[in-house]
Amino acid sequence: MRVFGLNRRIVRALLGSQYAHMLEYRAEIALWALSGVLPFIMLSLWSGSDARSQLGLDGVALDRYFLSAFLVRQFSVVWMVYAFEEDALLGRLSPYLLQPLHPLWRYVASHLGEQLTRLPFAAGIAGVFFLIQPQAFWIPSLAGFLLAWLATWMAFAITFLLQSLIASLCFWSEKATALERLLFLPFLFFSGLLAPLTAFPPAVQEWVRWTPFPYLIDFPARVLSGDPVNLAAGFAAQLAWVALLLPLVLVLWRAGVRRYSAMGA
Amino acid sequence: MGRYWRTLRRFWGTALATQLEYQLNVLVELLAVALSLGGSLLLLSLFFGPGRELGGWNWNQALIVQGFYTVFDGMTTAWLRPNLGAIVTYVREGTLDFVLLKPIDSQFWVSLRTFAPAGLSEVVLGLGLAGWGAHQSGVVLTPVVLVTVLLMLMVAALILYSLWFLIAATSIWFVKTWNATEVLRALLASGRYPLEAYPAPLRLLFTLVLPVAFLTTVPAEVLLGRASLPLLALGFVLAGVFFAAARGFWLFALRHYTSASS
């Protein structure tokens, strides 16, 4: 039986092959993991700054917040637009479209494969962090960990849908990566990667809450680090964004594919 | 020498012509530059407030640092990323062989082949921001200060280029490290803020190992008239060492490069 075009055999084959593919490029993935050091740079800056008091995170809470932000980012990175643009430009997309499986699943599988490959590197970096800051060490409760995992996975889903939306525009314009940059900038500043959301002036916070960005890093990171956080509101917002984006992506994708075949593919 | 100069003009002329064909793209790039600077300033402002400083630097002084960072970010976008990021592609597709066969220095070719004009807008904005910050801090620009700042900016550019080149050249071995340079980019982001804002071990790291300090903090200090002579000398030495290392490493890498056919 197929659910969304998937059954157990397809899932296993997709994940298995993509994981094997990712394992071949371990050096690259280690470097990518390392390129996520930004939260640590910001942590060293915030913890030495006079402005720390306005964050509402005292003691080791700040260390834990930024480590969690690092981890959440590691497992919600999406580079779908870049892969898709290349596939579309080089014509690799056409055979994928012929298969009786939605091509987006292929990208989902390769991201999940990458996350699995990334796990040891991310754990290693977290280990080094605890060696330097032993007082910040903590083990989240099982329930807390599962909730954080779910929240991170939802963050991944939202990011993936946002990028798929931009990637679908590839059918109309070849330069989707330029648009992706415009999406990345508000993500960078308002997701909580560089500063916890509480650092911003109340008016900005109020406004940012209506965008998907704080639910991509800030919310999952707070769940993981054990900060008091409104779980129901956070998950509701994440679900709402998935529910809003998913139909949009599917509609735009279908229109795009129709246009793509009209061009003779 | 004249040949290199003429080649360079050709390279950049064609790059400009190609870019201008994508007008919408240029607009998107300009919008991205504006958003990026706006976001950076918002983030920087979070560290300041009544009676608050960042590592002993006040808002106007920190603006100079942010301005110089923007200049070098623009330089990265305009020049380093398009050229050095492509080395991986040459290796992977075997076209590095063609570069090596050309009667022109291969490092010159891979380093200066093209440029992205969108980055220039960032350079201009950054210079403007640094100038504004200096003006607000009451800096009087004497010819000596101006010449020293320009010299230090050139030292910084040389350091930045050498660092990028060193990392980009490793792609001769690790063919698929698409963006080994992304790690560098992430680390260089630390140059957005004055060096004194970081804890001591990081300060040492950012001065000697990964000399981010010389990109932004040192030129800003020169502008504010409080840079020490030994530090400036260290900058020159480091630039020389890093450039020599980049050159040596490239020649070493080429000896180990087995072309697509062999």
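Which residues does T77(B) touch, not counting residues up to four places away in sequence? They are P82(B), A116(B), G119(B) and E122(B), where a contact means heavy atoms within 4.5 Å.

## Ground rules

This is a predicted model, in which local features need pLDDT of at least 70 and side-chain atom pairs count only at pLDDT 80 or more, while totals for chains, interfaces and linings use all residues. Residues are numbered from 1 along each chain as its sequence is written, chains are lettered from A and ligands numbered from 1 in the order in which they are written, and side-chain values use heavy atoms, with hydrogens and water left out.

## A closer look at T77(B)

Back to our opening residue. T77(B) sits in helix α3 of chain B, which covers residues 59-84. Helices here are DSSP runs (H or I, at least four residues), strands are E runs of at least two, and both are numbered from the N terminus.

Is T77(B) buried or exposed? T77(B) counts as buried because its relative accessibility is 16%; the labels are buried for under 20% relative accessible area, exposed for over 50% and partly exposed in between, using a 1.4 Å probe and protein chains only. A polar atom of the T77(B) side chain also lies 2.9 Å from the backbone oxygen of D73(B).

## F115(B), out in a loop

F115(B) belongs to the loop that links α6 (106-112) to α7 (118-136) in chain B.

What does F115(B) touch, leaving aside residues up to four places away in sequence? Its contacts are W12(B), A15(B), L16(B), A78(B) and L120(B). For a sense of distance, take A213(B), which is 98 residues from F115(B) along the chain: their C-alpha atoms are 26 Å apart.

## Chain B overall

Chain B has 12 helices and zero strands. Its radius of gyration is 19 Å, close to the 18 Å that the globule rule gives for 262 residues, so chain B is as compact as a globular protein of that length. (That radius is taken over C-alpha atoms, and the rule is 2.2 Å times the number of residues to the power 0.38.) Along its principal axes, the C-alpha trace spans about 65 × 45 × 35 Å.

Of the 262 residues in chain B, 52% count as buried. Take the contacts between residues at least 6 apart in sequence: in chain B, 80% of them join residues at least 24 apart. Chain B exposes about 12000 Å², with carbon and sulfur atoms supplying 70% of that; areas come from the Shrake-Rupley method with a 1.4 Å probe, and for residues only the protein chains shown count as cover.

As for charge, chain B has 16 positive and 11 negative charges, and their mean positions are 7 Å apart. Lys and Arg count as positive and Asp and Glu as negative, with His and the chain ends not counted; each charge is placed at NZ of Lys, CZ of Arg, CG of Asp or CD of Glu.

## Chain A overall

Chain A comes to 12 helices and zero strands. Its radius of gyration is 19 Å, close to the globule rule's 18 Å for 265 residues, so chain A is as compact as a globular protein of that length. The C-alpha trace of chain A spans about 60 × 40 × 35 Å along its principal axes.

Buried residues account for 53% of the 265 in chain A. Chain A exposes about 12500 Å², and carbon and sulfur atoms supply 70% of it. The 18 positive and 14 negative charges of chain A have mean positions 11 Å apart.

Key: A polar contact is a pair of N or O atoms within 3.5 Å; within protein, one must be able to donate a hydrogen and the other to accept it, and residues adjacent in sequence count only if both atoms are side-chain atoms.
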